[in-house]
Number of protein chains: 2
Amino acid sequence: MESSLQTALRAAFHPRSIAVIGASNDLNKLGGSEIRLLREAGYAGKIYPINPKEESIQGLKAYPSVADVPDEVERAVIILPTRLVPDAVRDCAKKKVKVVQIYSAGFGEFGEAGKALEQELLAAAKEAGMRIIGPNCIGTYSPSGRISFISGTSLQSGHVAFVSQSGGIAFDIIDRGEVLGIRFSKVISIGNSIDLDHPDYLEYLLEDPDTKVIGCYMESVRDGQRLLQLLKRLTPKKPVVVLKGGRTESGTQSVASHTGSLAGNYQIWQALFRQTGVIPVTSVDEMLTALLALQSLKTYPAGRVAMIGNGGGATVLATDTLEERGLKLAKLSSTTVERIAQLGVANNGRNVNPIDLPAYELSVKEGQLFGDLVRAFSQDPNVNYILFHINLIPFATYGNLAEILEQFARQLETVDPSAVNLVGVLRSNEKPEIEAVRFEAMRKLHQLGIPVFRTVEQGIYGIAVAANGLGGVR
Amino acid sequence: MESSLQTALRAAFHPRSIAVIGASNDLNKLGGSEIRLLREAGYAGKIYPINPKEESIQGLKAYPSVADVPDEVERAVIILPTRLVPDAVRDCAKKKVKVVQIYSAGFGEFGEAGKALEQELLAAAKEAGMRIIGPNCIGTYSPSGRISFISGTSLQSGHVAFVSQSGGIAFDIIDRGEVLGIRFSKVISIGNSIDLDHPDYLEYLLEDPDTKVIGCYMESVRDGQRLLQLLKRLTPKKPVVVLKGGRTESGTQSVASHTGSLAGNYQIWQALFRQTGVIPVTSVDEMLTALLALQSLKTYPAGRVAMIGNGGGATVLATDTLEERGLKLAKLSSTTVERIAQLGVANNGRNVNPIDLPAYELSVKEGQLFGDLVRAFSQDPNVNYILFHINLIPFATYGNLAEILEQFARQLETVDPSAVNLVGVLRSNEKPEIEAVRFEAMRKLHQLGIPVFRTVEQGIYGIAVAANGLGGVR
């Protein structure tokens, strides 16, 4: 039987019916865009707009109150001025709504009066066994449930879940993640999390068969012991990456103004992460790098890497970063060393790993040499990961960059992906014309299942996260 | 009187005449592009192509040997097969060339035979008092001398010098630096540095009135004591940022294959950096961030920062990063707090610093509120740096992104730049259409002298570097 938590979160991610309380015909208002976004996403369940002043909203029959809806309402979204929220929550409780997401802000983050209001909401919900998401949260993204809070973003399903105590960060992770090739099972903005809190979402994700990797942006948690227990159960099965907001004294004060919560002492959090094998990160960029790596790469604790790229200095720095991140240069088998020698590369004191070749050599014969070298690496059992780092600018100087990158992608198509993990770094100078070519190349590499990073440092950090896999890094 | 070192390096950066030994009519060859690049850059001195097989090269009279040039040759560039280099160097020495840059590779980085060749070159040069740059180096970039080794790059002069033991990294720093708004006095690729070495270039830059900030990519140095002495003299006058290649065991082996040199123990290098107040970085991205910050921002050791941006979670994370980097949130004066309150921002528990406002509020009335808040910060004597961080995507959702960013730039035009240091962060999702708008906005902000970074973490790192200024960070 479904637990009440499972019922509530199933209704959050896969509701059969949704009431939008505060629905509007004005698409520029939040109450208007909520319905528009559901339709854009292709949501197939029932939508009930609630607004006492309208007969119909966006072509749907409107109801004065959720009580007036003739059928079951599994999920409600409340988009109302703060003072109207408590009554709406009480209405939902009476209607036996399973889960209510409160978009409205102006609660605990506004001080004591707001905190009192939160207690009112909790009391009303608890009595009816209804669960609350938020308040002060911007939504839920569930590709398989056809629910989104971002216009025009991919609804391809994937295996990464993200739980966020910041709506903006949830938005960033979906929006930027899509470009980077991350595909999600569920993303949820949990706001002030006065009822459903991090441990609840994690408990749900523990059993969610669609979720294999979990990321969290956490500012606070009410029940630290329960979080500890859940993380202990989770991390042996699914890697968990945590970005903690409020690590410092000033950050903690900033948290109070953001979600009205207490961030606590970061040393305690760090101990928790160590004890449970959580992968801690300190920026959205690191979070995206870690999620992309965990989604795309297999775990090889030996962490033996072969590298190829253009740039002698870049190769030296990549090697340093590799070792500083606890990874190792793969020691190639004699067969591989011979193959590379036959390709004319391993002469004059040149290394066979890492390989540093100028752009004009790498791009000859439609990238044949590049392909041959990567294939040689990929067939060596001593190699776990292959990092290829391409500084795009020298290629753009020597030839048609887009064409060269297409040739490289075609070469990589012939590498057996089960044998080895390919990791790409495409370095740009941020000029729009280079960025446009880079974007297309990235998409082609994504089709081959190859993650692509912007800097060598990010690529190596990604490998370090994947190599440790469920164990965590740092 | 000019020292011999000064004579040589003056001839490297501002030569009255250049012989290109190995010049070619084929523009796709290095010996061809060298002359093309000099002309593209508007080099005004004499160019003497040297090639025994040609009468004229690119419209210039060619000479069989440098000995045949009828006038003085201040600087020679040798672009020949390795085995022909020693004779060319001997010719230059006889001709009393002041400095010879050896482009050709295949020396110390190819093992013992190559090292013996290097000794031959050194002996020939020493006898004549001629200095050698390289071998295995790609060139010199001197905007005021109208010399460049990169096609199509800005030749605007600036105050940042970069000395690089990797040609690729020198190329990156110029190419990427230009986009970021860094302007250079001199950049030099020093290759295997068998004669002129880091301390020589630093000695020259110490006295160079055009250079105010120095960056170095170092793999090795022959005379550690001399480097120590020079850094001690330099850092009180000009900040020095060092990116060290070969920090680890594998990296050190990689260095041997790159420039044929010994990287040494990184702990010794770290001690040297601490002792001399050098700012150490570990990636090209950090180097660029540090150079841009040192070029653009004044030093305020108090490091008091005011922040404004969109995104609650982003603001919390920015605050954490700020404190972790040793900076402080500025405590605003009561006047400023009042002004912000009058703007309707400081209510409902909202902070006055950092300020977190959603995109739709920041962009109202042509960015008036944004401008008012930045002006309020800028007039507060307690504020040293103002960081504004804009996540571009929500703005693109609410309105015309390019227009909004133009309005922001117009607002910032009215901020007195002498009163405070503005630092911008424009966050993108890497989509080409966003990158194109971001690029244009960055250029507009550069015209106002405002450095722009890609992430909040980079912006704050830049402020940390500038706040410590000559003292160094970490």
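This is a predicted model: local features need pLDDT of at least 70, side-chain atom pairs count only at pLDDT 80 or more; totals for chains, interfaces and linings use all residues.
Student: How many salt bridges does the rule find across the interface of chain B and chain A?

Tutor: It finds ten. There are also 23 residue pairs in polar contact across that interface, both residues being at pLDDT 80 or more.

Student: Which helix of chain B gives the most to the side that touches chain A?

Tutor: Helix 11 does, with eleven residues. Other elements of chain B that each supply at least two residues include helix 5 (167-180), strand 12 (240-244) and helix 17 (432-447).

Student: What kinds of residues make up the side of chain B that touches chain A?

Tutor: They divide into 19 nonpolar, 25 polar and 21 charged.

Student: How many residues of each chain are in contact?

Tutor: 65 residues of chain B are in contact with 65 residues of chain A. The area buried between the two chains is about 4,900 Å², and carbon and sulfur atoms give 52% of that area. In chain B, the residues that lose the most area to chain A are B:Val316, B:Leu317 and B:Glu430, together 12% of what that side buries.

Student: Now the sheet in chain A. What makes strand 5 and strand 6 of chain A a pair?

Tutor: Pairing needs at least two bridges between the strands. Strand 5 (residues 75-78) and strand 6 (residues 99-102) of chain A have four bridges, so they count as a pair, in the parallel sense. A:Arg75, for instance, stands opposite A:Val99 in strand 6 of chain A.

Student: In what order do the strands of the open sheet in chain A run?

Tutor: Five strands form it in the order 2-1-5-6-7, with parallel pairing.

Student: Why are strand 2 and strand 7 of chain A called edge strands?

Tutor: Strand 2 (46-50) and strand 7 (131-133) of chain A each pair on one side only. Neighbouring strands of the sheet are turned by 20° against each other on average, direction ignored.

Student: Which strands does helix 1 of chain A touch?

Tutor: Helix 1 (residues 4-13) packs on the sheet and touches strand 5, strand 6 and strand 7 of chain A. Its direction makes about 45° with that of strand 7 of chain A.

Conventions
Residues are numbered from 1 along each chain as its sequence is written. Chains are lettered from A and ligands numbered from 1 in the order in which they are written. Side-chain values use heavy atoms; hydrogens and water are left out. Contact means heavy atoms within 4.5 Å. Buried area is the accessible area (1.4 Å probe) that two parts lose on being put together, summed over both. A salt bridge is a side-chain nitrogen of Lys or Arg within 4 Å of a carboxyl oxygen of Asp or Glu. A polar contact is a pair of N or O atoms within 3.5 Å; within protein, one must be able to donate a hydrogen and the other to accept it, and residues adjacent in sequence count only if both atoms are side-chain atoms. Ala, Val, Leu, Ile, Met, Phe, Trp, Tyr, Cys and Pro count as nonpolar, Asp, Glu, Lys and Arg as charged, and the others, Gly among them, as polar. Axes are lines fitted to C-alpha atoms, for helices over the stretch in contact, and angles run from 0 to 180 degrees between N-to-C directions.
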